[in-house]
Amino acid sequence: KVLVGNLIGEGHANYVLMYNMLTGIRIGVSRCQAKMKRPLCDADFTAKHKFTFDIIGRELTPTAKYDFKFKDYAPWVFRELREHFHLDAADYLLSLTSKYILSELGSPGKSGSFFYFSRDYRFIIKTIRHQEHKFLLRILKDYHEHVKANPHTLLSRFYGLHRVKLPHGRKIHFVIMNNLFPPHRDIHETYDLKGSSIGREYPEEKAAAKSGAVLKDLNWLKRGREIELGPEKRALFEAQLQSDVALLQRLNIMDYSLLIGLHDIRRGNKDNLRQDNLRVFQPETKELKRQPTQIKRPGAGEQDASALRQAVRRSDPKALNAQQGSKLPDRDVSERRHFLFYQDEGGFRSTDENNQPGSMIYYLGVIDLFTPYTSVKRGETIWKGLTQNRHMISSVPPKEYGQRFFDFLCSVVTGGDKSRRPKMWGFTE
Ligand code: ATP
Ligand code: CA
Ligand code: CA
């Protein structure tokens, strides 16, 4: 999967779905947000708010372009989570729904999930299976407790959990989360690291041919990459990772990874890979003509986006840089500055042995948290274990998975404990 998207316009196969998702969010979230704040209670973790939209319009919901049903899960919990993650409520809604524009990530992976970016690239909507949805609800309380106790967690931030039901009965569950990558920086290399080796290599020939490929553990090792951190930042990173992994182990989760994007300050943004990142504003794609009722806030954001779009159209790199270098990043970086691992230009900057800043910025976090070690996975462990090294396949029990993940990541930090890396990898130096 590559982080470029296709703009969804009217006529796109998923336009109706996008319209319904965004309409549901717009109404559901603003309704909850309008109420007086109150402390959470147990029932909030299992609460569901239902909305019915139709083209005729109803007493309680505005007219919509299509008939559909929308469910908002644990709305009060997510409201509190968003607040905890320093998201401004109005800003959140504006990013997602002030215009009905999302871009869709190319072909979905083997999990079948679809990924959508908000138009400003700050948020990702991921469609998930019913099982995953139920699982997130089951662990929501622990997750909530954990992020409150760990304000600097590296785990994915979840901002909302919803469901759209189409008239013929199809149900689509989706979660809204943070995009780890910033809109205003080229990401020079992307890795998805698990700490296992089998099947963990992206073909280098293919990687050379296209920028933005998501590389894996073996590419990382073969290219001799390290997370360059001095003693201070290394200790902070290891401590947080340990705490996050302990939660995932306790919740019986596996198959997650550390997603890490590298930005080399010396190389800067001159390659303009951001044009890929910002394909939301694809020049050749027609813009949506008919806009649904909008939340009115004719703010700077609007103008920036359209100026940016125009700049892309004219392919004027100077105007594009001026735009991207100004308004867009400010907004994005603003909530990130509260978090240790996201406070340097939206990421975590490298340091040397004397803790002095280096030239790399890491955009990193632990993603894909909805796979519990179920009987299916257990079967995979046994089956694959028969033919391959039992400890090097992705699918191992959560305790072992977490330990291996943690050990591996500690071993790839500069000055980290290389002896933690399994010898059989052959990259232990
Ligand atoms: P699978 O289960 O097959 O691994 P999946 O559909 O569950 O796939 P993820 O592993 O969650 O998908 O994510 C796939 C890719 O999407 C990641 O490798 C990354 O490139 C991108 N991605 C996922 N989450 C984020 C995020 N929060 N920020 C930026 N990119 C992300
Ligand atoms: Ca994954
Ligand atoms: Ca997955």
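Student: What does the side chain of histidine 263 reach?
Tutor: In this predicted model, that side chain comes to 2.7 Å from the backbone oxygen of aspartate 186. A polar contact here is a pair of N or O atoms within 3.5 Å; within protein, one must be able to donate a hydrogen and the other to accept it, and residues adjacent in sequence count only if both atoms are side-chain atoms.

Student: Where is histidine 263 found, and is it buried or exposed?
Tutor: Histidine 263 is part of strand β11, residues 257-264, and it is buried because its relative accessibility is 1%. Buried means under 20% relative accessible area, exposed over 50%, and partly exposed in between, with a 1.4 Å probe and protein chains only. Helices (H or I, at least four residues) and strands (E, at least two) are DSSP runs, numbered from the N terminus.

Student: Which residues is it in contact with, leaving aside neighbours within four places in sequence?
Tutor: With those neighbours left out, the contacts of histidine 263 include Arg185, Asp186, His188, Ser359 and Tyr363. Contact means heavy atoms within 4.5 Å.

Student: OK, ligands. What surrounds ligand 1?
Tutor: There are 16 residues around ligand 1, and the closest are Ser111, Lys126, Asn178, Leu180 and Asp368. A residue is near a molecule or strand if one of its heavy atoms lies within 4 Å of it.

Student: Which polar atoms approach it?
Tutor: A polar side-chain atom of aspartate 368 is 3.0 Å from an oxygen atom of ligand 1. For aspartate 192, a side-chain N or O atom is 3.2 Å from an oxygen atom of ligand 1. In asparagine 179, a side-chain N or O atom lies 3.4 Å from a nitrogen atom of the ligand.

Student: How much of ligand 1 does the protein bury?
Tutor: The protein buries 91% of the 620 Å² that ligand 1 exposes when taken alone. Accessible areas come from the Shrake-Rupley method with a 1.4 Å probe; for residues, only the protein chains shown count as cover. The elements giving two or more residues to the shell are β6 (123-128) and β8 (171-178).

Student: Aspartate 368 came up there. What does it bridge?
Tutor: Aspartate 368 bridges two calcium ions, ligand 3 and ligand 2, which lie 4.3 Å apart. Donors are N, O and S atoms within 2.8 Å of the metal (3.2 Å for Na, K and Ca); water is not among the atoms, so sites may look incomplete.

Student: And where in the chain is aspartate 368 placed?
Tutor: Aspartate 368 sits in the loop between β13 (357-367) and α12 (375-387).

Student: Switching to helices: why is α13 described as largely enclosed?
Tutor: Because 11 of its 14 residues are buried. Those buried residues, among them Tyr401, Phe405 and Leu409, pack against β9 (189-193), α6 (217-222), α7 (231-250), β11 and β13.

Student: How does its span compare with what 1.5 Å a residue should give?
Tutor: It agrees: α13 (residues 398-411) should span 20 Å, and its end C-alpha atoms are 20 Å apart. The expected span is 1.5 Å times one less than the number of residues.

Student: And α7, what do its buried residues pack against?
Tutor: The buried residues of α7 pack against α4 (130-149), β11, β12 (348-351), β13 and α13. Among those buried residues are Phe237, Leu241 and Leu248. Just after α7, asparagine 252 takes a positive phi of about 70°.

Student: Which residue has a phi near 40°?
Tutor: That is alanine 74, a residue other than glycine with a positive phi. Alanine 74 lies in the loop between β3 (68-73) and α2 (75-84), and is buried, with a relative accessible area of 0%.

Student: Last one: how many helices and strands are there?
Tutor: The protein chain has 13 helices and 13 strands, and 55% of its 429 residues are buried.

Notes
Residues numbered from 1 in each chain as written. Chains lettered and ligands numbered in written order. Predicted model: local features only at pLDDT ≥ 70, side-chain atom pairs only at ≥ 80, totals over all residues. Heavy atoms only, no water.
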